[in-house]
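Visitor: I have a model open and would like to go through it with you. Could we take it element by element?

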Amino acid sequence: MLEFFDMMTLLGSVAVSLAILVPLAGTLVRFRAHYNPKGLQLDAEGGVQPHTGPVISSFFSMLKRVHRIEGWPGLYKGLMPSLLSTLVITFFLMMFLSDSNLRHGTYSAPDAGVVGILVYSIFAMLVSLPQVIITNRAITTPHKLPYFNPIYSLRVLLTPTERRRPWILYLTPGLLAAQVTHIAYIVLGLRSMRQLLLPELANPGIPRIEEISPVKLVIFLVITLLSTTILTPLEVISIRLSIQRNHAAPEFNSISQEEEGDADEATEYAGVEEDVIGLRTEREPYVSLIDCGKRIIEEEGWGALYRAWWLTTLGSLGGALS
């Protein structure tokens, strides 16, 4: 009876977490994915063309815009891939962790030193990368996706090339580099600094106040805050690259051919009169991590790389002190 109660409690907490986090995570992905070029651009003939797309300046403005245009279903775009991945993880926890771990929530990455944690984190990223790509695309697509028709949804979200060769998702230009750099900075940088300055935080339980040096704590918090200047651009770039679909580039006019092939698969749009966000054209894709960062700065300005930076700061502080 106790095991059943523990299982129901765990599933209940998962449901509540998804109900709260999916709209917030979806808003963050759309805000950072939104293509908002500078006011004036040059057309193909060199003439000046003003930007006519939506200008969204904050996380909460994006949240309101999603609800206004697409309603509650729009806020829960990406629910199904998030739910499936969460259920798989939850099933793993229930099958392989002890009852005490489930009751007290003590699951964490194996404590195998910095190198071990780095390898573990990169492996976990590689396993989850296709799910992350599909989730981000499901959130940002202007098309309405059914909850219980995954075949249709995948035909909307993936190009014919990606459906024929799904491993090409791992070859998305710059995406693996951005993810690995993000993980390496956190594990080799922040985690190592925490171990050097505040080793007490790694011990089981909550350390006593007198065990922590106030000076070292302040130094570590400053380093964590400054890390936002590195981590936020990497997160923005990762989202931009994850929604950039892979086409059979060597073929003549392959993008047009694939767009025509997918035209009949997505006829219904989530927004009635307008799209929530603007997406960058796939005809001039980002070709690497560095290229993505440079083009964002050139086309949209530095501010685009630091959208919702405060959420990255909160996440860094929470992860560093936990």
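Visitor: Is Ala308 buried or exposed?
Guide: Please note that this is a predicted model. Ala308 is buried, its relative accessible area being 4%.

Visitor: Where is Ala308 placed?
Guide: Ala308 sits in the loop between helix 12 (289–300) and helix 13 (309–321).

Visitor: What about the phi of Ala308?
Guide: The phi is positive, about 55°, although Ala308 is not a glycine. Most residues other than glycine have a negative phi.

Visitor: Let us step back to the whole chain. How many helices and strands are there in the protein?
Guide: The protein has 13 helices and two strands. Of its 322 residues, 39% are buried. Among contacts between residues at least 6 apart in sequence, 76% join residues at least 24 apart.

Visitor: Now helix 2. How far apart are its end C-alpha atoms?
Guide: They are only 13 Å apart. Helix 2 covers residues 59–75, and a straight helix of these 17 residues would reach 24 Å at 1.5 Å a residue.

Visitor: Where does the kink in helix 2 lie?
Guide: The kink is at Ile69 and amounts to about 105°. The proline Pro73 comes shortly after Ile69.

Visitor: Which residues of helix 2 are buried?
Guide: Ile69 itself is among them, together with Phe59, Met62, Arg65, Val66, Glu70, Gly71, Gly74 and Leu75.

Visitor: Turning to helix 5, where does that helix bend?
Guide: Helix 5 bends by about 50° at Ser128, and the proline Pro130 follows within four residues.

Visitor: And what does helix 5 reach from its first C-alpha to its last?
Guide: The 28 residues of helix 5 reach 37 Å, close to the 40 Å expected at 1.5 Å a residue.

Visitor: Which residues of helix 5 are buried?
Guide: The buried residues include Ile117, Leu118, Met125, Leu129 and Ile133. The run from Thr135 through Asn136, Arg137, Ala138 and Ile139 to Thr140 is also buried.

Visitor: What about Val132: how is it placed?
Guide: Val132 lies in helix 5, which spans residues 113–140. Val132 is partly exposed, with a relative accessible area of 26%. Val132 and Gly78 are 54 residues apart in sequence, yet their C-alpha atoms are 9.8 Å apart in space.

Visitor: On to helix 8. How far apart are its end C-alpha atoms?
Guide: They are 32 Å apart, which agrees with the 33 Å that its 23 residues should span at 1.5 Å a residue.

Visitor: At what angle do helix 8 and helix 9 pack?
Guide: Helix 8 (residues 175–197) and helix 9 pack at about 175°, and their axes are 10 Å apart. Helix 8 is therefore roughly antiparallel to helix 9.

Visitor: Which residues meet there?
Guide: From helix 8, Leu190, Met193, Arg194 and Leu197 meet Lys216, Ile219, Phe220, Ile223 and Thr224 of helix 9. By class, this contact has six nonpolar, one polar and two charged residues.

Visitor: Which residues of helix 8 are buried?
Guide: Leu190, Arg194 and Leu197 are among them.

Visitor: What is in the loop between helix 8 and helix 9?
Guide: Ala202 is one of the residues found there. Ala202 is partly exposed, with a relative accessible area of 42%. Leaving aside neighbours within four places in sequence, Ala202 is in contact with Arg194 and Gln195. The C-alpha atoms of Ala202 and Arg191, eleven residues apart along the chain, are separated by 9.9 Å.

Visitor: And where is Ser213?
Guide: Ser213 is also placed in the loop between helix 8 and helix 9. Ser213 is partly exposed, at 28% relative accessible area. Ser213 is 15 residues from Leu198 in sequence and 7.8 Å from Leu198 in space, C-alpha to C-alpha.

Visitor: Lastly, at what angle do the axes of helix 9 and helix 10 cross?
Guide: The axes of helix 9 (residues 214–226) and helix 10 (residues 228–242) cross at roughly 30° and come within 5 Å. Thr224, Leu225 and Leu226 of helix 9 make the contact with Thr228, Thr229 and Ile230 of helix 10. By class, the contact has three nonpolar, three polar and no charged residues.

Conventions. Residues numbered from 1 in each chain as written. Predicted model: local features only at pLDDT ≥ 70, side-chain atom pairs only at ≥ 80, totals over all residues. Heavy atoms only, no water. Expected span 1.5 Å × (residues − 1). Bend = angle between axes of the 7 residues up to and from the residue. Buried < 20%, exposed > 50% of the residue type's maximum accessible area, 1.4 Å probe, protein only. Axes fitted to C-alpha atoms, helices over the stretch in contact; angles between N-to-C directions. Contact = heavy atoms within 4.5 Å. Nonpolar A, V, L, I, M, F, W, Y, C, P; charged D, E, K, R; others polar. Parallel < 35°, antiparallel > 145°, perpendicular 65-115°, else oblique.
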